Amino acid sequence: MAKTLQEVLQHPVFHYFAEISKIPRGSGNEQAISTYLLDFAAQHGLDATRDEALNVVIRKPASAGYEALPTIILQGHMDMVCEKNQGTVHNFLTDPIQLRVVDNMLYATETTLGADNGIAVAYMLALLADTTLMHPALEALITTEEESSMGGAMHFDFNQLKGSILLNIDSEEEGRLLVSCAGGVTARQRLEIEWADADDQSTAFRLSVHGLQGGHSGAEIHKGRGNANKLLGRVLHGLQQVIPYQLQHVQGGMKTNAIPREAEAILYIKKEEIEKAKQLVGDLQERFVTELRASDPEVCVKLTEAQGKEKRVFSTQTCEHVLASLMLTPNGAQSISQEIEGLVESSTNLGVIRTDDTYIYLENEVRSSVASLKGAIVKQLEMLASLTGSELITDSDYPEWAYRPDSVIREICEQVYGKMNGQKPEITAVHAGLECGVFAEKNPNLDMISFGPNIYGAHTPQEHVEIDSVTRIWEYLVEILAAMKEAERFAS
């Protein structure tokens, strides 16, 4: 029988997840959630500190009999990606996430759920609050701005921690233990706009691309999902081959780490060209449905009359540079690992296009588990920017996490999983960026592993988490900590 939301919230992990879901916590807006974490520590008599980046560390002493074991670092991030369906009334700066249960899944209502990575925070709070569980000394590190820049992890001073073993709870597939991840960088092409006057005989139209699934630009980049920004570029280029038009505005996507689901442009078309334009848009709609029939069969392209607010448009040269950038910017998987079968090694995602009074920005998330390949993609974007008279700006550069052959925590996690499930877990790497890469650079001696429950549709309003999987991973985490006492190689 399906559980109600109230029944689900009886479990301590979901209780705390519901509590933090009441607090707006988009990347860059973590003051309130970090204060909540400090208050939680004080209420439970636990030592806690907060740094200038709002990272919080909560410390809990070892259980009786576990005092001689090394301290274990539990780690996750407090921020979430804030996405909502078009037309949804929700203010991510003030409104709580509205939870709902459908069968065995927990969803939000028309917005991202924040299970990435609120579930990790909830796991940690449940562990810290419980006085009956057996575990070594714990350091719960809860970081900020992971989804936007990994700024919290970058800023964090690892010297304040005693632990040399770290459990990162920021993975999204039960039964997979992650032992390596990609590094990444955000690359923004900035194209200065040269404005011109719109033709008095033309009418403003809105060209929109929507109906796509989107998804995580690392973990789901291999699934062949449509990128609304790239599709918009194809439509604009196709129209240019058939009719003259003037372009006024382009925008699409919300986050560089999310595959864009929607994009649109405002263009001016002469009356005698309108039917031809609509016919071409209809043809391209059918073409996209065919191309994306397995991943995005609901893709939709529309051309509708718009209320033209301004009579200025991009100059011919600016329009040419925009189309060249949209068409030529690399997107999707760029190379496949030769060591781990099926793993994307390098990729790039044209996640955001935006226009202001001065510039058009094309923002890319570049990822690779090989630093030199990441650099090669950035160089490709630099050359494209140069050809279009643009500037390329890079930031939020974070390192990869290399595989450690002698990992003891990997052995413990494998053994515990096998005992609990009667089968071995999958040991693998992920193409997404994890804070483990930053931590490995700060402390090369850290022994780390990453795992988590089944989370689907992260970074989209379809995000949901499997309820039973959350409870199984809770039991798994508890058993891992208890098993530390039996691991001779952990003994002091």
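**Figure 1. Helix α6 in the predicted model.** Helix α6 covers residues 228-240 of this predicted model. Its 13 residues reach 18 Å from the first C-alpha to the last, close to the 18 Å expected at 1.5 Å a residue. The helix is mostly covered, with 10 of its 13 residues buried. These buried positions are A228, N229, K230, L231, L232, G233, V235, L236, G238 and L239. At the start of α6, a side-chain oxygen of N227 comes to within 2.9 Å of the backbone nitrogen of N229. N229 is itself one of the buried residues of the helix.

**Figure 2. The aromatic pair of Y16 and F40.** Seven aromatic pairs are found in a search of the whole structure. In the pair shown here, the ring centres of Y16 and F40 are 5.6 Å apart and the ring planes stand at 90°, so the arrangement is edge-to-face. Y16 belongs to helix α2 (residues 12-21), whereas F40 belongs to helix α3 (residues 31-43), so the pair ties together parts that are 24 residues apart in sequence. Both Y16 and F40 are buried.

Figure 3. Y359 forms an aromatic pair with Y361, with 5.9 Å from centre to centre. The planes of Y359 and Y361 make an angle of 55°, and the pair is tilted. Y359 counts as partly exposed because its relative accessibility is 21%, while Y361 is buried, with a relative accessible area of 12%. The ring of Y359 also has the charged end of R190 over it, 4.5 Å from the ring centre.

**Figure 4. The charged end of R312 over the ring of W195.** In this view, the charged end of R312 sits over the W195 ring, at 3.9 Å from the centre of that ring.

**Figure 5. A cluster of phenylalanine rings.** F156, F158 and F439 are linked into a cluster by ring pairs.

Figure 6. A search of the whole structure finds zero disulfides. A disulfide is a covalent bond between the sulfur atoms of two cysteines. C436 is buried, with a relative accessible area of 0%. C300 also counts as buried, at 17% relative accessibility, because buried means under 20% relative accessible area.

Note on methods: Residues are numbered from 1 along each chain as its sequence is written. This is a predicted model: local features need pLDDT of at least 70, side-chain atom pairs count only at pLDDT 80 or more; totals for chains, interfaces and linings use all residues. Side-chain values use heavy atoms; hydrogens and water are left out. A disulfide is a pair of cysteine sulfur atoms within 2.5 Å. Buried means under 20% relative accessible area, exposed over 50%, partly exposed in between (1.4 Å probe, protein chains only). Rings of Phe, Tyr and Trp (its six-membered ring) pair if their centres lie within 6.5 Å; planes under 30 degrees apart count as stacked, over 60 as edge-to-face and the rest as tilted. Helices (H or I, at least four residues) and strands (E, at least two) are DSSP runs, numbered from the N terminus. A charge sits over a ring if NZ of Lys or CZ of Arg is within 6 Å of the ring centre and within 35 degrees of the ring normal. The expected span of a helix is 1.5 Å times one less than its number of residues. A polar contact is a pair of N or O atoms within 3.5 Å; within protein, one must be able to donate a hydrogen and the other to accept it, and residues adjacent in sequence count only if both atoms are side-chain atoms.
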